[in-house]
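Please keep the sequence and the model in view while reading.

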Amino acid sequence: AWHVFAEGFLEDRDPEMRDEAARTLEQLAEPKAQKALRKQFTQEDDEKVRGRLLRAMVASAPGDKTVVKDVEKVLAKDKSTPMRVQATMAAASLEDRANAQRLLKLGLADGAGHVRTAAAYGVAARRDADLKAALAEAKQKERDLEVSQWMSTAIEVLDGGDLRKFEP
């Protein structure tokens with residue numbers, strides 16, 4: 001029942017309120033909130049809120065094909081690095097393993113270091129050993145030292161390490 005309360009703030013004038021509503025709905029992961037989330041996602045003009053709405057849509061419907069297409073569209077075509085970061089984080093929560101793997105690989109190949117770091121985190125969070133080779137390959141090509149270190153951390157997590165190393 002709490003999702004109805006949070007949905008009421010999705011159309012608030014204040015973007016911070018909309019962002020908090022989306023965060024709440026992401027945590028609640030209520031499938032019934034999908035309609036309201038999708039409606040606001042298509043209308044939202046604030047980048048920060050739009051990214052959080054995308055993540056909330058995945059949390060509410062991790063297997064929905066339309067949501068997968070939304071994530072892919074943002075990850076492949078959006079010019080905004082923060083939006084692609086959010087899409088990569090959303091991809092890590094997708095139910096369909098093949099789609100999650102495909103989109104995380106797309107994130108590992110992104111031109112922005114923050115997106116590649118988010119993809120490394122996503123691989124680690126899923127603990128998907130099948131992505132270890134793609135992660136190792138991306139790490140070999142990586143020129144940004146900080147991103148490379150995060151990729152190493154993700155490989156450590158895949159080898160049984162602690163995901164809390166990503167907390168910073």
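In this predicted model, a polar atom of the side chain of Glu 44 lies 3.0 Å from the backbone nitrogen of Asp 46. Glu 44 belongs to the loop between H3 and H4, and its side chain also makes a polar contact, at 2.9 Å, with the side chain of Arg 18.

- When residues up to four places away in sequence are not counted, Glu 44 touches Arg 18, Val 49, Arg 50 and Leu 53, and Arg 18, the partner in the polar contact, is itself one of the buried residues of H2.

**Helix H2**

- Helix H2 covers residues 15-28, and because its 14 residues at 1.5 Å a residue should span 20 Å, the 20 Å between its end C-alpha atoms agrees with that expectation.
- The buried residues in H2 are Arg 18, Asp 19, Ala 21, Ala 22, Leu 25 and Glu 26; they cover an arc of only 160° around the axis, which puts them on the same side of the helix.
- The cover over these buried residues includes helix H1 (2-7), helix H3 (34-43) and helix H4 (47-60).
- At the start of H2, the backbone nitrogen of Glu 16 has a side-chain oxygen of Asp 14 within 3.0 Å, while just after the helix Ala 29 takes a positive phi of about 50°.

**The loop residue Asp 128**

- Asp 128 is found in the loop that joins helix H8 (113-126) to helix H9 (132-141), and its relative accessible area of 5%, which is under the 20% limit, means that this residue is buried.
- The side chain of Asp 128 makes a polar contact of 2.9 Å with the side chain of Arg 97.
- Leaving aside neighbours within four places in sequence, the residues in contact with Asp 128 are Arg 97, Gln 101, Val 123 and Leu 158.

- In soluble globular proteins, nonpolar side chains tend to be buried together.
- The largest nonpolar core here has 50 residues, and among them Leu 37, Leu 54, Val 71 and Leu 135 touch the most other members; the largest share of this core, seven residues, comes from helix H10 (residues 145-158).
- Val 71, not counting residues up to four places away in sequence, touches Leu 54, Val 58, Ala 87, Ala 90, Ala 91 and Leu 103, and in Leu 54 it meets another of the core residues named for touching the most other members.

**The chain as a whole**

- The secondary structure comes to ten helices and zero strands, so that the elements read α-α-α-α-α-α-α-α-α-α from the N terminus on; the radius of gyration is 16 Å, close to the 15 Å that the globule rule gives for 168 residues, and the chain is therefore as compact as a globular protein of that length.
- The C-alpha trace spans about 45 × 30 × 30 Å along its principal axes, and buried residues make up 46% of the 168 residues.
- Of the contacts between residues at least 6 apart in sequence, 60% join residues that are at least 24 apart.

Notes:
Residues are numbered from 1 along each chain as its sequence is written. This is a predicted model: local features need pLDDT of at least 70, side-chain atom pairs count only at pLDDT 80 or more; totals for chains, interfaces and linings use all residues. Side-chain values use heavy atoms; hydrogens and water are left out. Helices (H or I, at least four residues) and strands (E, at least two) are DSSP runs, numbered from the N terminus. The expected span of a helix is 1.5 Å times one less than its number of residues. Buried means under 20% relative accessible area, exposed over 50%, partly exposed in between (1.4 Å probe, protein chains only). The arc is that of the directions from the helix axis to the C-beta atoms. Contact means heavy atoms within 4.5 Å. A polar contact is a pair of N or O atoms within 3.5 Å; within protein, one must be able to donate a hydrogen and the other to accept it, and residues adjacent in sequence count only if both atoms are side-chain atoms. A nonpolar core is a set of buried Ala, Val, Leu, Ile, Met, Phe, Trp, Tyr and Cys residues joined through side-chain atoms within 4.5 Å. The radius of gyration is taken over C-alpha atoms; the globule rule is 2.2 Å times the number of residues to the power 0.38.
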